[in-house]
Structure formats: C-alpha cells, structure tokens
Amino acid sequence: MSEQFRVWAPAAQHVHIRIGETDHPMREAGGGWWEAEADCPPDARYGYLLDDDPTPLPDPRSPRQPDGVHGLSQRFAVNPELWTDQSWTGRQLCGGVLYELHIGTFTAEGTFAAAAAHLDHLVALGATFVEVMPVNAYNGAWGWGYDGVDWFAVHEPYGGPEEFAKFVDACHNKGLAVCLDVVYNHLGPSGNYLNRFGPYLNPDATIWGPRVNLDGADSDEVRRYVIDNALRWFEEFHVDALRLDAVHALSDSTAIPILAELAAETEALSAKLARPLSLIAESDLNDPRTTTPQAAGGDGATAQWADDVHHAIHTAVSGERQGYYSDFGSLACLATTLESAFFHAGSYSSFRKRRHGKAIDRRAAPAWRFVVYTCNHDQIGNRATGDRPSAYLTPGQLAAKAALVLLSPFTPMLFMGEEWGASTPFQFFSSHPEPEIAQATSEGRRREFAEHGWPASEVPDPQDPATFQRSKLDWSELAEEPHQRLLRCYEDLIALRAAHREFADPRLTDVRTEYDEQARWFLLRRGRFTVAVNLSENDVAVPAAGTVVLAWEKPSTDGASATLPPHSFAVFRTH
C-alpha cells in the first residue's frame, strides 16, 4: 500500500525516509516541508535521515514509539471500529467534578487497562471528569510525564496508543469525560530531536528544559505543531478536555497568543464534532484574561487552576506557612479567595517580592471557570517527602478541607486517593537511563529542598525504583477505617453539591462568608445553605441555624447557633 509521508525540516539540504531496511528520497514541497510516497504496511517502522547523517531520527509527529524515544517511529491510527462511545455527547466543564490521576501509580499494574477497572469507583464517588497526568512518550520506564519529547506518541509502558483509546472509550461508557494533561511549555532532557529538524526551540530555557519557539523566526510551523497535537487528542482519541501545563511559561510575544489561537481552533473543532471541548490552563499569573472569552478581549480558555484557593484552605487548616504559603493562613485570606478566586490581585507577594495578579470582575466571571482542590500532584509531589495531607492532618481536618472545596462556587478537583485519605505518598520519581541526567535529577532535587531546610537524607532519591513503588495507591485501604468513613463523607459532599442548585450557582456575588480569627471558625453561605467549619482543637459556637443536612461530627444546636466539635464541619439548611 502506498502511503504519504511529510516532515518539516527547513534547515536540511536533503532528506530520506527509512522504512524497514529501505531508504527513500524525499522531495521539497515548499515552506520547509519534505514529502514522499512509499509502499509500506500499516504498522511499518520508519525514521528520517537528514543530510549526511546515517542515523535515522524519529518523526517529530510520531504516532507511536514502540522501542522508546530514541528508536524508530511506527505508523499508527486508532481503528474506528474500536469505538463504542457513539452515544457519547460530551460533557460541559460547568457543574463538573474532576479527578486527577497518574496512570503509573493509580494501580499496582500501572496501565490504562488496570486503571479502567477502577472506573466504577469514580462513578460511585461522583466524579464526572477523569484528568490523566501526561501520557506523551518520554525516556525511561516511569516518571510524572512532564519530560515528554514525542508529544504525538503515548508512553508504551502504560499500554501505548491503542490502550489509551480503549481507556477513553471505557470512560465514556461509564459517563465519565476525559481530560488529558499536556505540556507545551518545554521539552524533556532525553530524546528531544526536534531542533535537528528545524527551529522548534527557544534558546531561553525554562527551569525544566528548553522552551518551544512560539514567537521567533519560522515559529508559525512550530505553533501549528502545538495546535495540531492538541486537536489530535480531541479528534482521534475522543478526549474531552486538555489541561495545559504551566501556560505562564509559554514564551510568546505575538499579538495573538498561542493560548488564544488554540482556544479558537478548539471552539471550531467542537462545532464540527458537536460535543463540548474544554481547555483548562494551569497558570500562576492570577490573570483574569486567561479565561475571559475572546469576544470580550480575553484568551478564551475554558477554565484555569486557582492555586490561591488551595493555599488559603491548606494554610488555614494545617497552619503551615513556609515558602509561598507565607502570605496565606488567615481566615480573612480564606474569605477573599472563596469570594474572589484570587488572593493576590494586585497585592504584594512576599514570595515573589513584588505585586502580583489582577482582580477578577466578580459580577461577570463565572465561578466554575476556576478549578480548585485540597491537593494535586504538585502540592503533594513537590513537598520534600511527597507526604499527603493525611500524613499530618486528622480525618476531621481532611473532611473540613473537602467541604470547603466541594461546596465552594468553583469547579472542584480531587487527586487520586485523597477521597479515602490514602496513606501512600506521591513522591517525585523518574527513571532516566542516562547516568548524567539521573545524577543531575537526584542532586538537583536534594539541593532544591536543602534551600528550604530539609536534610538531604530525608529527600527520596527520584531515581530509586522504590520511590516509584512507594507512590502507588493501596486500594486495600478502602476496606479499613478511618478510610471508609472519609470516603463516605466525600461521596455525600459531592452528592449534596449535585442535588442543590445553590452549589451550582456560578455567581460569585452571591457567595458570603463570616469568620472569627481568634475562635477559628468559618462560615460559607450559599443561598439556603451554610457550611460551618471549626478549624480549632476546641468546641466552638457559630452563628449557624437550620437543619443539619451533613456533618463530620454532629453539632449541638439551640435554634440560633450551633456548637461544632473540634476539627469538624456541618452543613445547615434554613428552609
């Protein structure tokens, strides 16, 4: 069968494609593109030979890397007959509950097929979106996935591209949408051959690796590379949303930012496919423009992560104040974030040593455009020992954090295992086969935390296989206490959120808070409902009245007020 091959290699003088043992010359097609037709089987392995280099390189748009990121590419397309989700019409992010997971540690097996076997748990929990940490191809057997170099390929140890398609199909048949975490701000340190083909990279590297050339010479094709990758996940793999990693690290000075361009093309594809497609930006800029619709002059992302809400809740409950937590912790701060999403909105950030952020328009910005969480992969894994909140908080404190997130006006996201207070850590792990990269990763991790006062001996070696194994969830905990009780609490909170319109109300102007800094109680009022939280170690009386519809520890009431036990919450309904 004759197939068409195309590759962008504007700096090459001549290009060949190697298919099996045969090299075929390619012809220039204009604009730096080279193309050729050749007979090959559907699963042929191939690579490109640039100029006089005898070593074939993987395709920059490789759909599969069966032998790893340094090996030959392999042709692949999802078999249309694989899909059984023909009745799937998609899911809007508004009203959704996300569940973030890492395929390699979600189960003992660490595969898409094994993860699919636990989807009923997510359905019973009340999750509506499965957010999968990056699955693009990277070097090594295991890692977080943010060191990807072959963006179009799927990490083979997870099962490869066909198993990923089956996982998406299984999710849809359970009523779950799929959000895929993608990384467009940098490339990993091993297997990155893009700059051999053309000016894909920006010489101004990020702290994680080389940036992508989004605004320099010949960047139009590089931008197309990014956008085509995103659209492929939506169209060929039926993904419903993309979580865009660290968009603040995208170096782009063009008049139409890549985020806005991608949002416009995503909207057009959504119209073609007749189902909702969402873009969720991770951004630490606290910039309302990110999620402001393009018709109103914004970039048009569907939603953005709101770290300030996490920081405010975490510090109020845990008492931690180190590093970027230093400005947070007061109940006044908690009130600000629950009413306005951003705490730093033009105020001074002591961590950054400058003013930071801009206020949103509370009258116009729908609250569901902000994704909030009690924890996520970063907020756990980037602690020195990768310890979860369950390692240092009481079950009541965990429940209080959950109530503030799940009954907030924002879009909530859970991190795998938090719903039962998993005791296993989620540590930073990697498996770089190159000794120099492995050593640099291990030493860099220890050096980073030494600056924050952590002894090097307490920082797990990311290259040690035991670090990866320790981070796998222990599903047997679900049969034990206090895990069962916490899981029931999460299920009840999500069910309460889904059952009453007040909790789906996107109007921030209708969110009201009250608090007592000294007594350490906090109230979140949502229409008929009041979420009362006691953050102290003592019983406290709070001005909440009505029928108790959900509580971690049953409060005593006298009609006008209620007394909450230590480290607990209660939800009251007035009529």
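A salt bridge here is a Lys or Arg side-chain nitrogen within 4 Å of an Asp or Glu carboxyl oxygen. Keep that in mind as you click around this predicted model: a search of the whole structure turns up 34 salt bridges.

**Stop one: E502 and R528.** Select both side chains and you'll find them meeting in a salt bridge, 2.5 Å from N to O. E502 sits in helix α15 (residues 501-504), while R528 is in the loop between β23 (521-526) and β24 (529-534), so this pair ties together parts that are 26 residues apart in sequence. Buried or exposed, by the way, for E502? E502 has 9% relative accessibility, so it counts as buried. R528 comes in at 19%, and because the cut-off for buried is under 20%, R528 counts as buried too.

**Stop two: R224 and D228.** Now jump to helix α6 (residues 219-235), where these two lie 4 residues apart, about one turn of the helix. R224 is partly exposed at 27% relative accessibility, and D228 is partly exposed at 24%.

**Stop three: K166 and E162.** Finally, select helix α4 (residues 160-173). K166 and E162 are 4 residues apart in it, so about one helical turn separates them. Show their side chains and you'll see the salt bridge, 3.6 Å from N to O. K166 is partly exposed at 38% relative accessibility, and E162 is partly exposed with a relative accessible area of 37%.

Methods
Residues numbered from 1 in each chain as written. Predicted model: local features only at pLDDT ≥ 70, side-chain atom pairs only at ≥ 80, totals over all residues. Heavy atoms only, no water. Buried < 20%, exposed > 50% of the residue type's maximum accessible area, 1.4 Å probe, protein only.
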